[in-house]
Structures are given as C-alpha cells and as structure tokens.
Amino acid sequence: MPVLRNSGFSGEITWLGSVPAGAGLQAVPSDSLPLGFGGIAGERHEGENRASCVRVRNLHPEGTEIRNVRQLTILSEEELALIAADMGMARADPAHLGATVVLRGIPDFTFVPPSSRLQGPDGVTLTVDMENRPCVLPGREIEKDHAGFGARFKPAARNRRGITAWVERPGTLFLGDSLTLFVPDQRAWAP
C-alpha cells in the first residue's frame with residue numbers, strides 16, 4: 001500500500017443520496033448518510049461483497065462473488081455542470097445518476113487516482129476505486145423526466161462521471177461537510 005499524502009484539496013458535500021435496493025437507479029436525496037463497512041444499509045450497492053458485473057467480465061465470469069469496491073458513487077458539482085451544459089440542460093440532477101455524494105472544490109475529480117482517500121470530519125474514510133464510466137442507465141432516468149435528453153447523457157458524461165468508492169472507515173456524512181483528499185505518494189506507472 002502506498003503512503004498517502006494530503007493533496008491540499010478538500011471538497012464540500014453539496015448533495016447526498018442513496019438508491020434504495022430493488023428499485024431503479026434513481027437516488028433519494030438526504031441530509032446525512034450513515035456509512036458502515038458495507039456502505040449504506042438498504043442501498044442498491046450495499047455489501048462488503050457483490051456479484052461481478054459486465055465491468056469486470058474480463059477478470060471474472062458474471063455473477064462471481066468479489067469484493068464490493070463500488071459501494072458509493074461520488075460526483076463533482078463542477079463536472080455535473082459541464083455535463084448539463086453539453087446536454088443543453090440547465091442542471092443535471094444527481095438523483096438521476098444514482099449519486100451518493102456530490103462534492104464541490106476538487107479539480108479534475110473523475111481522474112483522482114485509484115486508492116486515494118476522502119476523509120470527513122468524524123474520521124469517516126472513503127477509498128477511491130476508479131473512474132465510473134458513463135452508461136445508458138442514467139440516461140433512462142433522465143429521459144423519464146426530460147424527454148429527448150436521455151440519449152445525450154453518455155457522450156456528455158465522458159471523462160466526467162465521477163468515481164466509485166468503498167468505505168474504509170465507517171462514520172456519517174452530512175451536507176456541508178468537507179472531505180479532505182489524500183492521494184498515493186508514488187509516481188505514475190510508466191512501463
């Protein structure tokens with residue numbers, strides 16, 4: 001494990017939500033989110049383990065039990081504004097994207113290095129898995145409320161879809177909290 005260094009950047013939580021298990025992708029906004037080692041209780045992506053999906057089919061047959069490193073979906077408020085502009089919309093609603101957390105203040109957020117940490121005031125610590133590539137599912141949610149705009153999501157969200165993360169240390173997130181970004185103190189891979 002690399003040593004982690006404070007990046008000097010923090011992000012303010014401007015939106016919180018969770019996607020109920022057994023429902024579609026649409027998130028329900030909240031003022032706070034208690035997080036355990038399995039993520040958010042009762043949430044679509046809850047659990048310390050999960051069944052593998054198409055995103056890792058080059059590693060595991062679909063349905064194989066693997067560690068759940070996509071408990072949370074974290075987005076950038078600034079990148080959401082760029083997505084909305086490219087879609088021709090006034091605003092991209094994080095609920096349509098199945099968001100857990102929206103942060104303001106960390107530049108180039110979608111490309112925060114894997115294994116970085118976001119730490120809150122009570123010590124809650126989230127480990128960044130990797131970029132959450134855009135797919136058609138948020139477009140379907142957008143289309144329900146904004147006919148004609150759903151298909152615009154995937155191209156507009158390219159390089160702006162945020163990251164997936166998992167809970168390293170439990171705690172509670174609140175609207176307005178600041179999450180400090182710690183990044184691996186190592187050079188980029190250069191074979």
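This is a predicted model: local features need pLDDT of at least 70, side-chain atom pairs count only at pLDDT 80 or more; totals for chains, interfaces and linings use all residues.

Analyst: Let's begin with how the elements get their names: helices (H or I, at least four residues) and strands (E, at least two) are DSSP runs, numbered from the N terminus. Residues are numbered from 1 along each chain as its sequence is written, and side-chain values use heavy atoms, with hydrogens and water left out.

Is Leu25 buried or exposed? Buried means under 20% relative accessible area, exposed means over 50%, and partly exposed lies in between, using a 1.4 Å probe and protein chains only. Leu25 comes out at 11% and is therefore buried. What does Leu25 touch? A contact means heavy atoms within 4.5 Å. Leaving aside residues up to four places away in sequence, the partners of Leu25 are Val19, Arg44, Ala95, His96, Leu97, Gly98, Leu137, Pro138 and Glu141. Leu97 is 72 residues away along the chain, but the C-alpha atoms of Leu25 and Leu97 are separated by 7.0 Å.

Leu137, a partner of Leu25, begins helix H2 (137–145), and H2 leads us on to helix H1, whose buried residues pack against it. They also pack against strand E6, strand E7 (101–104) and helix H3 (153–157). Which residues of H1 (77–87) are buried? They are Glu79, Leu80, Ile83, Ala84 and Met87. These residues cover an arc of only 145° around the axis, which places them on the same side of H1; the arc is that of the directions from the helix axis to the C-beta atoms. On the face turned away from this buried side sit the exposed residues Ala85 and Asp86. After H1 comes Gly88, with a positive phi near 80°.

Two strands pair if DSSP finds at least two bridges between them. E6 pairs with strand E10 (163–169) in the antiparallel sense over three bridges, and Leu72 has Ala165 in E10 as its bridge partner.

E10 has another neighbour: six bridges join it to strand E9 (125–131), and these two strands also run antiparallel. Opposite Val167 of E10 stands Leu126, while Met130 stands opposite Thr164. Why is E9 described as largely enclosed by the rest of the structure? Because six of its seven residues are buried.

On to strand E8 (117–119), which is joined to E9 by three bridges and runs antiparallel to it. Here Arg117 has Thr127 as its bridge partner in E9. E8 and E9 form a hairpin with five residues between them, and Gly123 in the turn has a positive phi of about 95°.

Most residues other than glycine have a negative phi, and most peptide bonds are trans. Asp108 is not a glycine, yet its phi is positive, about 50°. It is found in the loop between E7 and E8 and counts as exposed because its relative accessibility is 53%. Asn159 likewise has a positive phi, near 65°; this residue lies in the loop between H3 and E10 and, at 33% relative accessibility, counts as partly exposed.

The protein chain has three helices and twelve strands, and buried residues make up 45% of its 191 residues. According to an unreviewed UniProt entry, the annotation "domain: MOSC" covers residues 14–182; such annotations are given in the numbering used here, with shortened feature names, and may be inferred rather than shown by experiment. That span is 15% helix and 31% strand, and its end C-alpha atoms lie 20 Å apart.
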